[in-house]
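Thanks for making the time this morning. I would like to walk through one model with you, so please have the sequence and the structure open as I speak.

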Amino acid sequence: MIGRITQMMTSQQTISELSQSLDTMDTTQEEISSGKAISQPSDNPYGASQVITLNGDLSSLTNYSSNITDATAWTSATDTSLTSIDNLVQRVQELTVAAASGTSSAADRSDSAQEVNQLIDSIKAEANTQYSGQYIFGGTGPATASTTTPPTIPPPYGTTTYNSATPPVPNPLGLNDGYSGNSGAVTRAIGPGSTVTVNTDLSQLLGGSSTSTGNLLAVLRNISADMSGTGTTSNLGTTDLSALQSNLNALGGMQANVGSTEDRLQLATTRISNLQISDTAALSNVQDVNMAQALTDYSNEQASYTAALKVGASIVQESLLNFLN
């Protein structure tokens with residue numbers, strides 16, 4: 001049996017449909033004002049989960065990018081210091097060749113010895129290079145400190161006095177060439193499951209204690225002694241030059257390793273940048289409003305609502321009888 005359609009039923013249905021149209025307009029207007037297609041999870045549960053995942057990915061990529069920037073600055077400082085040390089050692093080699101020649105006098109060799117001692121101090125200064133308050137050649141530092149501890153027995157590398165209860169045995173010249181850092185690796189995460197070691201164990205080149213014999217500082221000390229006459233002058237053109245060249249070769253290997261690390265960091269920078277662009281685009285596709293489409297939809301919805309108001313006004317017409325009832 002079909003019931004009678006009353007004027008009240010018609011009015012209620014018309015008002016309900018007008019309210020739905022108004023709600024649709026409000027939703028579209030909110031999207032236009034915020035620029036977001038998802039303002040709460042109920043708007044699009046699956047899309048909301050994608051937004052959370054993509055935001056998490058972008059946050060991780062930002063952290064990796066920050067680590068790469070830090071690692072790049074660290075390796076750049078290392079490369080600069082190693083290059084400076086290489087130049088200083090090259091100068092010592094020039095002085096050694098000159099001192100080994102038959103035309104070199106004792107006074108000339110003595111002057112060269114003084115310059116070598118100054119070059120040694122400069123090499124040690126480079127060994128105490130800091131980046132952002134950290135000693136880049138100190139490893140992970142002593143067990144009681146961090147990489148902010150100098151990589152040698154305090155005071156810094158190459159002082160003439162020891163500051164330790166049990167110092168290593170001094171070299172023949174009585175100078176402190178000891179090293180208080182360690183060979184611990186300083187690493188940075190540059191991607192999921194991917195880390196890179198940014199520090200260089202310079203003690204392998206310079207020497208870890210004052211009793212080192214074949215390392216660079218010991219070789220330079222011997223060269224200085226042989227030049228000044230306290231050592232064996234005839235060693236300058238033989239064992240001294242040979243040992244010096246061996247250390248130069250080792251230094252070149254360290255520089256090559258740092259260069260390889262810098263290349264890897266450059267590739268990681270490009271990869272992370274590409275992933276950030278890709279994830280940002282994906283996030284925009286999920287949560288951002290297509291503004292042109294939204295404006296068109298709002299214009300259509302507004303026109304429809306206006307038309308519905310006019311039609312509703314024609315259909316629902318109150319009479320004096322309605323008010324009397």
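Predicted model: local features only at pLDDT ≥ 70, side-chain atom pairs only at ≥ 80, totals over all residues.

What covers the buried residues of helix α3 includes α2, α4 (203–206), α5 (216–228) and α6 (236–287), where buried means under 20% relative accessible area, exposed means over 50% and partly exposed lies in between, with a 1.4 Å probe and protein chains only. Helices (H or I, at least four residues) and strands (E, at least two) are DSSP runs, numbered from the N terminus, and contact means heavy atoms within 4.5 Å.

Residues are numbered from 1 along each chain as its sequence is written, and side-chain values use heavy atoms, with hydrogens and water left out.

Staying with α3, which of its residues are buried? They are R109, S112, A113, V116, L119, I120, I123, K124 and A127. Seen down the axis of α3, these buried residues fall within an arc of 140 degrees, taken from the directions from the helix axis to the C-beta atoms, so they line one face of the helix. On the other side of α3, A107, Q118 and A125 are exposed. An α-helix has 3.6 residues a turn, so residues three or four places apart point the same way. As for its length, the 22 residues of α3 (residues 106–127) should span 32 Å at 1.5 Å a residue, the expected span being 1.5 Å times one less than the number of residues, and the end C-alpha atoms of α3 are 31 Å apart, which agrees.

That brings me to the core. A nonpolar core here is a set of buried Ala, Val, Leu, Ile, Met, Phe, Trp, Tyr and Cys residues joined through side-chain atoms within 4.5 Å. The largest one has 49 residues, of which L202, L206, L216, M227 and L244 touch the most other members. Helices α2, α3, α4, α5 and α6 each supply at least two residues of this core, and α2 gives the most, with 16 residues. If we take M227 and leave aside residues up to four places away in sequence, M227 touches L95, T96, A99, R109, S110, S112, A113, V116 and L236.

E94 lies in helix α2 and is partly exposed, with a relative accessible area of 48%; the C-alpha atoms of E94 and S112, 18 residues apart along the chain, are separated by 10.0 Å. Q276, in helix α6, is partly exposed as well, at 23% relative accessible area. Not counting residues up to four places away in sequence, Q276 touches L58, L61, T62 and S65, and its C-alpha atom is separated by 9.5 Å from that of S59, 217 residues apart along the chain.

Now the aromatic residues. Rings of Phe, Tyr and Trp (its six-membered ring) pair if their centres lie within 6.5 Å, and planes under 30 degrees apart count as stacked, over 60 as edge-to-face and the rest as tilted. A search of the whole structure finds one such pair. The ring centres of W74 and Y131 are 6.1 Å apart and their planes lie at 65 degrees, so the pair is edge-to-face. W74 lies in helix α2 (residues 45–100) and Y131 in strand β1 (residues 130–131), so the pair ties together parts that are 57 residues apart in sequence. Both W74 and Y131 are buried.

S132 has a positive phi of about 55 degrees although it is not a glycine, and S132 is exposed, with a relative accessible area of 63%.

Finally, the hairpin. Strand β3 (residues 187–191) and β4 pair in the antiparallel sense over four bridges, pairing requiring that DSSP finds at least two bridges between the strands. Two residues lie between β3 and β4 in this hairpin, and G193 in the turn has a positive phi of about 70 degrees. In β4, T195 is the bridge partner of A189, and V196 is that of R188. Strand β4 (residues 194–197) has a covered face, S194 and V196, and an uncovered one, T195 and T197.
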